[in-house]
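I opened my notebook today to look up a few things, one entry at a time. Have the structure beside you as you read along.

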Amino acid sequence: MLGKDFDRIADAYLLHQSIVPAWTGVGPGSFIRNDVGGFDKLAFDPGRGFENFAVLISYQPSDLTDFMEALQGQPYDPVASGFICGPYLSLGKVGPRRHTWPCRTQEQLLSSLERVVTALAQMGEPWLASLRDPQVLAQQTDPNAAAIAGYAWERAGHLQNAHACYLDWLQRLEGGQELLQRQRKNLPPQMMQEYLFLAQKMGLNNELTARFQAVLAQASY
C-alpha cells in the first residue's frame with residue numbers, strides 16, 4: 001500500500017515527462033497548463049486504500065470565471081473548481097464514467113503511469129485540443145451542471161440550448177425552495193443569487209425573484 005507516497009511518485013513521474021507544453025503542479029496530484037484562452041486541468045484521484053487511481057482531465061475557458069462570479073455573487077477559484085467536461089481518462093477515450101488504474105505497489109503504479117502517459121498522448125491531448133472549439137466544449141460539458149452547460153451553449157451561440165439549460169437549473173432551485181418552504185426556510189444565499197442571476201438572463205420576474213431579492217437585501221444590512 002503506497003499511502004502518502006502516491007502523490008510524490010505520481011507527481012514526479014508526470015512532471016518529468018517531456019510533454020510540450022508542460023504541466024505545472026498546483027498541489028498534490030493537481031496540475032494545470034495555461035494558454036491564451038484558458039487552461040487545461042489534470043488530477044490524480046486515488047481510490048480508497050490506494051489500490052487504484054483515476055486520472056481526470058478537462059479544459060476550462062478563462063471567461064467561465066466571469067460567468068461563475070456573476071452567477072454565484074462571490075469570488076470563484078477556477079483551479080480548485082471541478083471538471084466541466086469528461087473527465088476520466090482511459091486508454092480508449094475520455095468520458096464521464098470513472099476509469100481506474102491499478103497501483104497497489106510502486107511497481108504497479110509506475111506501470112500504470114506509463115500507460116497513463118500513453119493514453120494522454122493518444123487520447124487526452126487531442127480531446128483537450130478539441131475543447132478549444134466552443135461547439136465541441138458545449139457538446140462535451142456535463143449536462144448535470146446545468147448552469148455551466150447553459151454558459152457553454154450560450155458561448156457557442158446556441159441560445160435555445162442555453163435557455164433550456166438555464167431553465168432546468170431554475171426549476172431545480174424552485175424545487176429545492178418548495179421543499180424548504182414547508183419548514184419556513186429559504187435556499188442558501190448563494191443559490192438565491194444563482195436563481196436571481198439566471199432569472200434575469202431569462203427575463204423572469206415572479207414571486208420567487210421578489211422574495212429572494214427581499215431576503216438578500218435584508219441580509220446585506
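Before anything else, I noted that buried means under 20% relative accessible area, exposed means over 50%, and partly exposed is in between (1.4 Å probe, protein chains only). This is a predicted model, in which local features need pLDDT of at least 70, side-chain atom pairs count only at pLDDT 80 or more, and totals for chains, interfaces and linings use all residues. Residues are numbered from 1 along each chain as its sequence is written, and side-chain values use heavy atoms, with hydrogens and water left out.

**Entry: positive phi**

I looked up Phe-50, which has a positive phi of about 55° although it is not a glycine. At 25% relative accessibility, Phe-50 counts as partly exposed. I found Phe-50 in the loop between β3 (38–46) and β4 (52–61); helices (H or I, at least four residues) and strands (E, at least two) are DSSP runs, numbered from the N terminus.

Arg-184 is also not a glycine, and its phi is positive at about 60°. Its loop runs between α6 (159–181) and α7 (189–202). Is Arg-184 buried or exposed? Arg-184 counts as exposed, with 81% relative accessibility.

**Entry: a hairpin**

I then turned to β1 (residues 24–27) and β2 (residues 30–35), which pair in the antiparallel sense over three bridges. Two strands pair if DSSP finds at least two bridges between them. Gly-27 has Ser-30 in β2 as its bridge partner. The hairpin has two residues between the strands, and Gly-29 takes a positive phi near 70° there.

**Entry: the nonpolar core**

I wrote down that a nonpolar core is a set of buried Ala, Val, Leu, Ile, Met, Phe, Trp, Tyr and Cys residues joined through side-chain atoms within 4.5 Å. Which members of the largest core touch the most other members? Of its 57 residues, they are Leu-42, Phe-44, Phe-53, Val-55 and Ile-57. In soluble globular proteins, nonpolar side chains tend to be buried together.

Beyond its neighbours within four places in sequence, Leu-42 has contacts including Leu-14, Trp-23, Phe-31, Phe-83 and Leu-120.

**Entry: cysteines and Ser-58**

How many disulfides does a search of the whole structure find? The search finds zero, where a disulfide is a pair of cysteine sulfur atoms within 2.5 Å. For Cys-85, the closest cysteine sulfur is in Cys-165, 12 Å away and too far for a bond. Cys-85 is buried at 1% relative accessibility, and Cys-103 is buried at 0%.

The Ser-58 side chain reaches the backbone nitrogen of Cys-85 at 3.3 Å. Not counting residues up to four places away in sequence, Ser-58 touches several others, among them Phe-39, Asp-40, Trp-127 and Leu-128.

I checked the peptide bond joining Gly-86 and Pro-87, and it is cis, with omega about -5°. Pro-87 lies in the loop between α2 (63–72) and β5 (88–89).

Ser-90 sits in the loop between β5 and β6 (94–95) and is buried, with a relative accessible area of 10%. Setting aside neighbours within four places in sequence, I listed its contacts as His-99, Trp-101, Ala-119 and Met-123. Ser-90 and Arg-115 are 25 residues apart in sequence and 9.1 Å apart in space, C-alpha to C-alpha.

Definitions and conventions: Contact = heavy atoms within 4.5 Å. Polar contact = N/O pair within 3.5 Å; in protein donor to acceptor, adjacent residues only side chain to side chain.
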